[in-house]
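Please keep the sequence and the model in view while reading.

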Amino acid sequence: IANIFAGKDKKISFFGLKSYNVLSDSMSATDFSAGDLIVSKSINTDDMTAQERNDYIEEKIKVGDIITFHYDINNDGKIDEMVTHKVKYVGPLVNEEGESVGRGIITYSTTSGEEDRPLSYNQVVGKYSFSIPKVGYVIEFFQSTAGFFIFIFTPLAAIVILQVIGTVRLVKQGLKEKKESIDQAKEEYAQGAMAESERLRAELEALKAQMAQGVPSTDGGGD
């Protein structure tokens with residue numbers, strides 16, 4: 001059966017359009033396959049009277065249309081799954097004895113040709129609009145536990161890694177600047193020491209010259 005969700009909440013709504021993940025190939029012969037994402041236009045008859053609903057559905061839904069509807073897939077009495085199949089009949093229904101049982105819709109799988117159990121009009125939730133091939137696989141993965149963690153933690157891990165890289169770069173830059181500062185200080189110190197050494201040497205040379213000029217001379221004679 002095409003387009004089965006585990007619950008009613010696993011669908012996306014946007015301006016009356018709802019998307020569904022296709023989980024089987026029951027419509028693959030004609031329209032869409034497992035793994036596709038289909039989009040249906042919402043049909044809501046909850047606030048209508050029975051007659052209003054009948055008129056509305058029979059105006060909107062025709063034989064050959066593809067509709068999305070609530071369905072009891074597992075035959076457990078719970079109409080809580082979604083199916084999207086092609087319409088084979090719309091109108092009055094009769095049972096095996098030919099007795100009227102109200103109005104409804106009969107749908108079928110285009111792949112197997114098998115008919116679904118008759119639907120009441122209030123089971124219809126939408127009319128198929130279009131499909132996007134294989135996107136359903138992506139959505140199904142991200143709805144899984146593994147996909148959820150990847151979706152959440154991959155960006156967080158990327159942020160942490162970027163922060164670590166940024167911190168390492170800052171530390172390296174700081175160490176580089178500190179080394180450059182130390183090297184500059186050493187160079188300035190060496191230049192200063194050299195200048196001081198030259199100054200002291202010059203003073204020493206000047207002192208030697210002054211001392212040489214100031215020594216008294218004698219001729220060695222007497223009276």
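A nonpolar core is a set of buried Ala, Val, Leu, Ile, Met, Phe, Trp, Tyr and Cys residues joined through side-chain atoms within 4.5 Å; buried means under 20% relative accessible area, exposed over 50%, and partly exposed in between (1.4 Å probe, protein chains only). The model is predicted: local features need pLDDT of at least 70 and side-chain atom pairs count only at pLDDT 80 or more, whereas totals for chains, interfaces and linings use all residues. Residues are numbered from 1 along each chain as its sequence is written, and side-chain values use heavy atoms, with hydrogens and water left out.

The chain contains three helices and seven strands, in the order β-β-β-α-β-β-β-β-α-α from the N terminus. Helices (H or I, at least four residues) and strands (E, at least two) are DSSP runs, numbered from the N terminus. Of the 223 residues in the chain, 26% are buried.

The largest nonpolar core has 13 residues, of which I57, I61, I67 and I105 touch the most other members. Strands β4 (66-71) and β5 (81-94) each supply at least two residues of this core. Apart from it lies another core of nine residues, including V22, F32, I66 and M82. Leaving aside residues up to four places away in sequence, I105 touches I57, I61, I67, V87, Y89, V90, L93, P118, L119, Y121 and V124; contact here means heavy atoms within 4.5 Å.

Strand β5 deserves attention next. Of its 14 residues, 10 are buried, so β5 is largely enclosed by the rest of the structure. Strands β4 and β5 run antiparallel and are joined by six bridges; two strands pair if DSSP finds at least two bridges between them. In this pairing H70 stands opposite M82 of β5. Strand β5 also pairs in the antiparallel sense with β6 (residues 100-108), over seven bridges, and K86 has Y108 in β6 as its bridge partner. A hairpin is formed by β5 and β6, with five residues between them, and G98 in the turn has a positive phi of about 85°.

Side chains of opposite charge can pair when their charged atoms come close. The structure holds eight salt bridges, each a side-chain nitrogen of Lys or Arg within 4 Å of a carboxyl oxygen of Asp or Glu. One of them joins D31 and K86 (4.0 Å, N to O). Because D31 lies in the loop between β2 (17-21) and β3 (37-42) and K86 in strand β5, the pair ties together parts that are 55 residues apart in sequence. K86 is buried at 17% relative accessibility, while D31 is partly exposed at 30%. Another salt bridge is formed by R103 and E58, whose closest N and O atoms are 2.5 Å apart. This pair links distant parts of the chain, R103 in β6 and E58 in helix α1 (residues 50-60), 45 residues apart.

Within helix α3, D183 and K179 meet in a salt bridge (3.0 Å, N to O); they are four residues apart, so about one helical turn separates them. E196, R199 and E203 are linked in a network of salt bridges.

The surface also has a nonpolar side. V138, F141, F142, F148, F149, I150, F151, I152, F153, L156 and I159 make a nonpolar surface patch of about 1000 Å². Such patches consist of residues with over 30% relative accessible area and no salt bridge, with like charges joined within 9 Å and nonpolar side chains (Val, Leu, Ile, Met, Phe, Trp, Tyr) within 5 Å. Helix α3 (145-213) and helix α2 (135-143) each supply at least two residues of the patch, and the largest share, eight residues, comes from α3. F151 is found in α3 and counts as exposed at 53% relative accessibility.

Terms used
Areas by Shrake-Rupley, 256 points an atom, 1.4 Å probe, with all protein chains shown as cover.
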